[in-house]
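Colleague: I would like to learn how to read pockets and salt bridges in a model. Could we go through them in turn?

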Amino acid sequence: MDEIIPFLSRMARFDLKAVSLSTVLGFTRSVDGISMLIENETVLECLFDLTEDASQTLAKDAVLCFVNITAEEKGAQVIVEKLSARLVPAAYRSVLDENSNLSDAWCMVLCNISRHESLVETVVMHLLSIEHSIDKLTTCFTRVNYNKQKGHLNYLGPLFSNVSQCASGRAVFCNRSTGLLRRILPFVQHTESIVRRGGAVGLLKNICFDSTVHEWLLSEQMDILPFILLPLAGSEEFDDETNDMLPTELQYLGPEKKREEDPDIRKMLVESLAQLCATRNGRIYLRNRGTYEILRELHKYECTEQGDKSVLAAVENVVDILIRTEEEIGEDNLKELDIPDDVKSKIENLNDEQS
């Protein structure tokens, strides 16, 4: 590695840079190679400098090195510790540049370094130090053909989901004056990209973890319930009484209506409903809007060969809450309950088994 370093300089001859960078890119394709690279801070600094090389080919290879390195948790940790103060703004600038050929690769790097809960707050801190950064990234995301070089920017979806793992990130998306969450909600049904769709659903699920915003989420202004229930619904027919309970978007769905095919996304949607069941008002609202009826049909589907056991377990958890009376539940906000440590441990073990 020490012998390669001089040839990774932006001032080195093109052919020498190309061969050296190709060698390093090869190292990033194995765990051992990544472990070796992240121990050499000089190499990482050289790679970062090369992401802005005059040659687009070399710049792309340098960014791909970071995509591979940050795919490993230890690699992501080192990059965040050593380079995030410079790397996050550089990646952000590339995504915002509608003529950049590197936007998708940089999106993947941002996703990788923000995926782990131990790292996300540092990444979010650097993002929020840039004025209106999340607002502008949301604009890139919602304009499907934003990038003029055929960059898809689908990985902005998982990035938003990662950012919303921490309170400061959720606060940005829950800002009622900017309306960012409302702009992203339609993408929970984005059929062209499962990455983009899954990211939007992940963001919604993380926002639902905060019971203090449930009233707003279920208000007429946001009305998130149809966005959660519609992907979970199939072509089942309901009687007029049930249809009258359902949100308008779910009434009298035709035989062509298809249920969300990806089990991970279905599970996140059901988990969003579980979070909305935390408060008494949320539970009553869900019952009155036909949530149980949609889940009843979903339960039947999950019991078939096409279904998924983990989604089935998640459905049963929510149904178990909705079929109980409020007198049986006996709590306004389940999140405020003091659960003994031994009970918490049993619940966590049960969840692990269901996963």
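Colleague: Which residues line the second largest pocket?

Modeller: On a 1 Å grid over the protein atoms alone, a pocket is an open set of points with protein on both sides within 12 Å along at least five of seven lines, and lining residues have an atom within 4 Å of a point. Here the lining consists of V188, Q189, T191, I194, R197, P231, K257, K258, R259, E260, E261 and D262. This is a predicted model, in which local features need pLDDT of at least 70 and side-chain atom pairs count only at pLDDT 80 or more, while totals for chains, interfaces and linings use all residues. Residues are numbered from 1 along each chain as its sequence is written, and side-chain values use heavy atoms, with hydrogens and water left out.

Colleague: How much space lies in the second largest pocket?

Modeller: A volume is the space filled by probe spheres set on the grid points, which are joined across faces, edges and corners. For the second largest pocket it is about 290 Å³.

Colleague: How many nonpolar, polar and charged residues are in its lining?

Modeller: Asp, Glu, Lys and Arg count as charged; Ala, Val, Leu, Ile, Met, Phe, Trp, Tyr, Cys and Pro as nonpolar; and the others, Gly among them, as polar. The lining has seven charged, three nonpolar and two polar residues.

Colleague: Which residue meets R197 in a salt bridge?

Modeller: Side chains of opposite charge can pair when their charged atoms come close. A salt bridge is a side-chain nitrogen of Lys or Arg within 4 Å of a carboxyl oxygen of Asp or Glu. R197 meets E260 in this way, at 2.8 Å from N to O. R197 lies in helix α12 (residues 194-208) and E260 in the loop between α15 (240-245) and α16 (263-276), so the pair ties together parts that are 63 residues apart in sequence. Helices are DSSP runs (H or I, at least four residues), numbered from the N terminus.

Colleague: Is R197 buried or exposed?

Modeller: Buried means under 20% relative accessible area, exposed over 50%, and partly exposed in between (1.4 Å probe, protein chains only). R197 is buried at 11%, and E260 is buried at 7%.

Colleague: How many salt bridges does the rule give?

Modeller: The count is 17. One of them joins D53 to K17, with the closest N and O atoms 2.7 Å apart. D53 is in the loop between α3 (41-50) and α4 (56-71) and K17 is in helix α1 (residues 14-27), so this pair ties together parts 36 residues apart in sequence.

Colleague: Which residues are linked in a network of salt bridges?

Modeller: R280, R283, R287 and E326 are linked in such a network.

Methods:
1 Å grid on protein atoms, 1.4 Å probe; cavity = no way out; pocket = protein on both sides within 12 Å on 5 of 7 lines; lining within 4 Å. Helix = DSSP H or I, 4+ residues; strand = E, 2+ residues; numbered from the N terminus.
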